[in-house]
Amino acid sequence: MMTSKKTCFRLLCSASLTFFSILPVTCRAASADPLGYQATHRGDNGHPAAVAPHAMVVSAQHLATDAGVEILRAGGNAVDAAVAVGYALAVVYPAAGNIGGGGFATIRLPNGQTHFIDFREHAPLAATSTMYQDKDGNVDKAASVEGWRAVGVPGTVAGLDALERKWGRLGLTRVMAPAIRLAEEGFHLEVDDVDLLNSARDRLARDSYAKKIFLNPDGSALEVGDTLVQKDLANTLRRVAQRGDKGFYEGETAQEIVAASRRGGGILTLKDFTSYKIRALEPLHCNYRGYRIDTAPPPSGGGVAICEILNILSAYDLKQIGLRSVAGVKLQTEAMRHAYSDRRDLGDPAFVKNPIDHLLDPSYAAAIRAGFRRDRAIDSASLLPGEALPQSDAFVTQPAHEKHETTQFCAADRSGIAVSVTYTLNGWYGAHVVGGRTGIVMNDEMDDFSVKPGVPNMYGIVGSRANAIAPGKTPLSSMSPTIISRDGKLVMAIGSPGGSRIPTVVLNVVLGVIDGGMDIQQAINQPRIHEQWMPNALEVEPGALTSHVSTVLQAHGYQIKEQPQYWGLAQGILFGRPRLDAPVTGFAYGGSDQRHAGGLARGL
Ligand code: DON
């Protein structure tokens, strides 16, 4: 990781100084925390959580975090900061930050009310359930992940616009200023930026607009120290700043994207854009050891999985048992296995009835617990597909691959506002096509549909008819932006990319904080465990289990797969105290996952 960007400011003052006289504190900063927190409690890999008295922003790209802090400094609240980060990531983290994709936002207001905005992509109106199959039913796998036919109707601008209009203080023009500046003037590429660009170089080179933006004229890759300028994107962002979502869904921007789609064999029409609407949904919520968890409802399967797992685990004293003891790992594994076996039957709530009440009923959790065996792993194959819904198709899954794609950011302020956003282009750089002169990288979210029952998507997930393609429908997601509170007070905001592993990344962090007594950075750093029903394997990051624990688990029939690579890229904020068992400070503590360098937690 380059160190130059992570300039460290020492907090020069006590908490009694005014809001704006306090310099920002980064992951590496010393602290004015009244408990002397950073001196004594460091993250496992040496990164302490960032700490600040008023507000915190975390994202996967340091310049985007800085954009959020700039907006806080200008008098914005956490919503303003989050919207600023969302637009800035579209410029400085084009692999996953976006306005050509979609996502989810969970919001908590000072009065404790929580909201959920679904701004995920929709299938174009001309989409059909068999659009990725030939006449013999063979699936064209490339078509749902690459090129214009893979593109869903983007929702990000409508989502961020709604956030700003409903709960922001400064207005779009101000909060989008950092993003427009970064696009117009450019920013210096660092190692992590160049790594991402290089990972997609060949595919970006196939699209003339993408090539012009992300490669040198001779086709060679941009290098560390080069400046990435995106004038077309700056103009597009200006139109949005001036006209709100109309600057995207109507007029020049939409027309240009539709024209590029037509030229590239896609099916997007202007009507897809003018008819796009976000959904304001009730967050899914559950309780765990006195904490209220607000998370993503369908069309995400992620929140359902998180709550089902927490419901199952709530009957055990995991603090006493130990999160990574033999018994602790078994309980988590079996809970994950069941939750993932149930996830398959979920879909867009506008199209299917999701059995949420059943899946989150405490008596269902009790019935699952009753099937646990003390010294024997449950066979995944014994959990029948479709227990929850009668019309399920058969499922097969393949191992998920390591992914960081998609991205997470959070902002929280001392008024009690918290925002947790996960948004995505799906794969890195989405479909690897740019919407003509708009400079917008387009998503490949159509692959999150079940393109054909029984055929896995890029994350090894296979869905049922509940997630079949239909015009205007939203594909099932795993994204799980989550906010936790207790007794009416904000406690935590968290989320992560990771494809099918997103729910268990969030779960690992939540359990680390609530049951493991960890600070936010430690809980993020903690090596993760994951089980997704099929394949029948407990996947572990290096160092997650001791050899003793592994040996005993294997003797009990658990198939342990240590993955060579890490997964997820969580970003989180713990509010009020550094750990849940520490005295209250009222400060904000930010943790940014360093599994991929470049992210930053910074406060004010
Ligand atoms: O919505 C979803 O679940 C996926 N499109 C998210 C993709 C993702 O997290 C990729 N990163 N690993």
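Which charged end sits over the ring of Tyr-291? Some notes on that and on a few other spots follow.

1. A word on the model. This is a predicted model, in which local features need pLDDT of at least 70, side-chain atom pairs count only at pLDDT 80 or more, and totals for chains, interfaces and linings use all residues. Residues are numbered from 1 along each chain as its sequence is written, and side-chain values use heavy atoms, with hydrogens and water left out.

2. Charges over rings. The answer is Arg-486, whose charged end lies 4.5 Å from the centre of the Tyr-291 ring. Here a charge counts as over a ring if NZ of Lys or CZ of Arg is within 6 Å of the ring centre and within 35 degrees of the ring normal. Arg-501 lies over the face of Trp-567, with 4.2 Å to the ring centre.

3. Aromatic pairs. Rings of Phe, Tyr and Trp (its six-membered ring) pair if their centres lie within 6.5 Å; planes under 30 degrees apart are stacked, over 60 edge-to-face, and the rest tilted. By this rule there are eight aromatic pairs. Phe-248 and Tyr-249 are edge-to-face, because their planes stand at 65°, with centres 4.7 Å apart. Tyr-249 and Tyr-276 are stacked, since their planes are at 10° and their centres 5.5 Å apart. Tyr-249 belongs to helix α11 (residues 246–249) and Tyr-276 to the loop between α13 (270–274) and β7 (279–281), so this pair ties together parts 27 residues apart in sequence. (Helices, H or I of at least four residues, and strands, E of at least two, are DSSP runs numbered from the N terminus.) Together with Phe-273, the residues Phe-248, Tyr-249 and Tyr-276 form one aromatic cluster.

4. Burial. Both Tyr-249 and Tyr-276 are buried, meaning under 20% relative accessible area, where exposed is over 50% and partly exposed in between (1.4 Å probe, protein chains only). Thr-236, in helix α10 (residues 231–243), is buried too, with a relative accessible area of 0%. Leaving aside neighbours within four places in sequence, Thr-236 is in contact (heavy atoms within 4.5 Å) with Ile-99, Thr-253, Thr-438 and Ile-440.

5. A helix pair. Helix α14 (residues 302–313) packs with helix α18 (residues 362–370) at an angle of about 65°, their axes being 9 Å apart. Axes are lines fitted to C-alpha atoms, for helices over the stretch in contact, and angles run from 0 to 180 degrees between N-to-C directions. Glu-308, Asn-311 and Ile-312 of α14 meet Tyr-364, Ala-365, Ile-368 and Arg-369 of α18 in this contact.
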